[in-house]
Amino acid sequence: MGLSNCLFLFFIIYFFKVCNASTSSESSYCHDEERTALLQFKQSFTISASASGSQGAYPKVLSWKPAQGGNKTNCCTWDGVECDEQTGYVIGLDLRSSCLYGSINSNSSLFRLVHLQKLDLADNDFNYSRIPTSIRNFPSLTYLDLSASVFSGRVPAEVSQLVKLSLLNLSSNTDPSSGVGLLKLDGNNFRNLVRNLTRLEHLRLRYINISSTIPYSMANLSFLTTLDLHQCELFGDFPVTIFHLQNLKSLYVRDNQDLIGHLPEFNQSSRLITLDLHGTRFSGNFPSSIGKIDSLKQLDVAACNFSEGLIPSSIGNLRQLVYLDLSANKFVGQIPESFANLTQLTVFRISTSPLTGSVPSWIGNFSKLVYLDFSYSRLNGSILASFSNLTNLEILYLQYNNLLRGKVEFQQFQNLQNLNQLDLSANSLEFITDTVIMNATVPQFQVLGLARCNLTQFPYFLRYQKNLQNLYLDQNKIHGQVPKWMWNMSTGSLMYFNLGTNLLSGFEQLPNVLPWVNLRFLSLSSNMFHGPVPVPAASTLGYEVQDNNFSGEVPPVICNMSSLLALDMSNNNFSGMIPQCFGNFSDHLTLLLLRNNSFHGNLPQRYSNKSILRMLDVSHNQLQGPLPRSLMNCLMLETLVLSNNNLSDVFPFWLWTLPELKLLAMRHNGFHGVIGKPKNNQRFPKLRLLDMSYNNFSGKFLAEYIFSEYAMRPNMTVNQESYIEADVNYESANGVITLSYGSTITIISKGVDRYYSKIQEAFAVIDISCNKFEGKIDEWIGNLKGLRSLNVSNNLLTGAIPSSLGNLTQLESLDLSNNRFSGEIPQQLVQLTFLAEFDVSHNNLTGHIPSGTQLGGFNVTSYEGNTGLCGDPLPKKCGNSNTPDQVPPSGGEKNNSGPETEFDWIFVLAGYGSGVVIGVGLAEIVITRRPGMFLEIVGTLSRLMQSITSRKRFGR
């Protein structure tokens, strides 16, 4: 070819390339309507750094700018926007972690981008918006991620119409302040979603309240590789066929407490990488075939219910494991030697299990280990030699093994400079604390647990700790004063400090306000502190100083602690008035315990209508005046203890408005007046413990005016180990710490005070003793069938003892003494088979004590002062002591036998049981008194003896 021909061909090729490039550029240029929709979407939000939590978050929409000077901008080049190269339509929108804050609804311009195939709005803050139903406008969507973006309400059914989805992630839409899940997915929509979205590869619904079973059709999702149903309130059987999904790599069903199931036998074809069943009710045998899953890297079966037995040694075959948690199961025996193969582990937890044996020496070979937890087990042996090589270790929990032994000098941890959480509490260790240790020798801890370690002084190295967040020094024998250098320890970081149950008596150079500016919880309880009480920082949520000798008035500066959740100042020598600000604290305060001090004056008068107060105990003080009516605002109040004060008021019927009130103790006060019928017949809906003793109440006591039959029902559906208590949560470096504060009460029985440090939910008590109640006790009281203790002693009550008391079959203590009851002891009381304490002394009772039951087994003092009573255990016998008592028939039964026939059979049975001689001797008495009946009795005896002889003859 000539040169001209070559040049011509070059220009032809160049021309086509330019034209093609031009066409391509034009075709990938975004459409005006979609550019407008994107700009409108941007304008509907504000930019807030707090809206996204990821470290690399930035506002992608800042690059979205409208046309300037008549020049259009190509939205396909904007950050987070992807267009189809051929059509120019927006097919992908990735605004993950873009700091977006605001609301979104179905009218949003976003839903005009109808060609979208990928939508990622994760890690923003949509301010509790509902997921818009207009999501159905994206029929081509294959990828939808709305996780961690503060969506709330019900997941719309329209999501299940997106049949091309391969990824659906709605996880972690939780309340920013409480962490509670905000989304709900009803069972029908859950089943439709699983049935319709057959192309799913990744399904993540973590923290969504589904409250349903898992549909068996889940096993039909053959492409599924990730299934995340963490904490979804699931229940029922987990379909075991899901484990057989060939592509399944990650399975999370953690923290579904009512989800039951069992593990299948596994084979080597399984591709599982992560198996997380933590906190479910999976049970049965733990299969040794788990060791065939070579791909497994994370195995968490903690807090399940697997059968008691040895830990499968085959787990040692899983050499790729990096995370292993077998805690809180019934595994017994020793840690298998095969676990020495698991050298890739970074997390290894076998806590809260009855494991025995020594800490394995090969643990020192796990050089990648970051987190090691052997706490709450029964391991023994020396601990430190194995751990000195674990230079990557950050967390070491060995607390509450009891049998771990050896000397501990903290410079032994100098090789573990990454170690920031160490808990050695409650072991048989000997701590060397008096060695002078330089700053650089010991790691800077965030969590340090040395409770129950027999310490007698503060460890010297603590003065160099700058980063402590949790410090546990409780239940030791530390004595003397808190040293002044303590006020310089971790002043900017300390959050949780427990110094309770020691022998401390004071403080060196106590500052006006303790210096720990971020403190959340401080316990100085159960020491020997005296003088003025320290005042923590305003940030403090929980403060315990009970069981000391603190004295004086409560410092006014304590009113700065307006965020308090729990305050316990019981059993000290505080005086003065209770600060009025304590009432204002009730917006946050869960419990206020001030019992056994010398406070005087009135109770705080103002309680907010937003009150969350659950427990108020001001007993054993010198308080005066009436009860503040603003207590009606404390709608969550469960326990109100006012005993042993000088309060003066009428019975507080207005407290019936408190729907949760279970315990009301008013003993030893000046409460007075008649308890009349309440307006609108309102009763206390949950009250189960009422102590009104030692007051000046008068008139009749009608239980039906106060109590609800439902609240006093027997066999309450509560765990027998469930107590009336308030739980308070505190933030800490190693998670949320929950402390339970139980209600207490003192109940008088036979003149003796009995202190209950814990009160079961099912416990029910009425004590109206030592008042001036008069008249009869209404039979209605027999409807309170859950009652365990009833004390009406030392009143002016008259009439007969109600026979309906026999219906109170759970009654354990009954005191009717020192009244004016008359008549006989009701025969129905023999039905009280749980009765352990019984007192009817000093009344006007007559007749025989029901015999043949435990009523005859009580001490004589239970019946003294009733001159008309006879029968065991009294020395005075009744006229016919051999006559057994029988429970009268109920109203629905008829007794066709006359008294004479009953009398005959008594002697017939006497003859049968005691021999013919005694029987005839008794019969002579009958002849003397009722001669007309003798032949009939002898005939009956004769027939009975013939029957016995006949049975013996035929071997029956």
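Where pLDDT is low, the predicted coordinates should not be read in detail.

**Confidence**

**Nonpolar cores**
- The largest nonpolar core comprises 233 residues, and Ile315 and Phe348 have the most contacts inside it.
- Elements that each supply at least two residues of this core include helix 2 (32-43), strand 3 (90-94), helix 3 (187-196), strand 26 (403-408) and strand 33 (503-507).
- Helix 2 gives the largest share of this core, 4 residues.
- Beyond four places in sequence, Phe348 is in contact with Leu324, Ile335, Phe339, Ile363, Phe366, Leu369, Tyr371, Leu372, Asp373 and Phe374.
- A second, separate core has 16 residues, among them Tyr472, Tyr496, Leu593 and Ala726.

**His230**
- His230 sits in the loop between strand 11 (226-228) and strand 12 (235-237).
- The relative accessible area of His230 is 7%, so the residue counts as buried, the cut-off being under 20%.
- The side chains of His230 and Asp255 are joined by a polar contact of 3.2 Å.
- Leaving out residues up to four places away in sequence, His230 touches Arg206, Tyr207, Tyr252, Val253, Arg254, Asp255 and Asn256.

Conventions: Residues numbered from 1 in each chain as written. Predicted model: local features only at pLDDT ≥ 70, side-chain atom pairs only at ≥ 80, totals over all residues. Heavy atoms only, no water. Buried < 20%, exposed > 50% of the residue type's maximum accessible area, 1.4 Å probe, protein only. Polar contact = N/O pair within 3.5 Å; in protein donor to acceptor, adjacent residues only side chain to side chain. Contact = heavy atoms within 4.5 Å. Core = buried A, V, L, I, M, F, W, Y, C linked by side-chain atoms within 4.5 Å.
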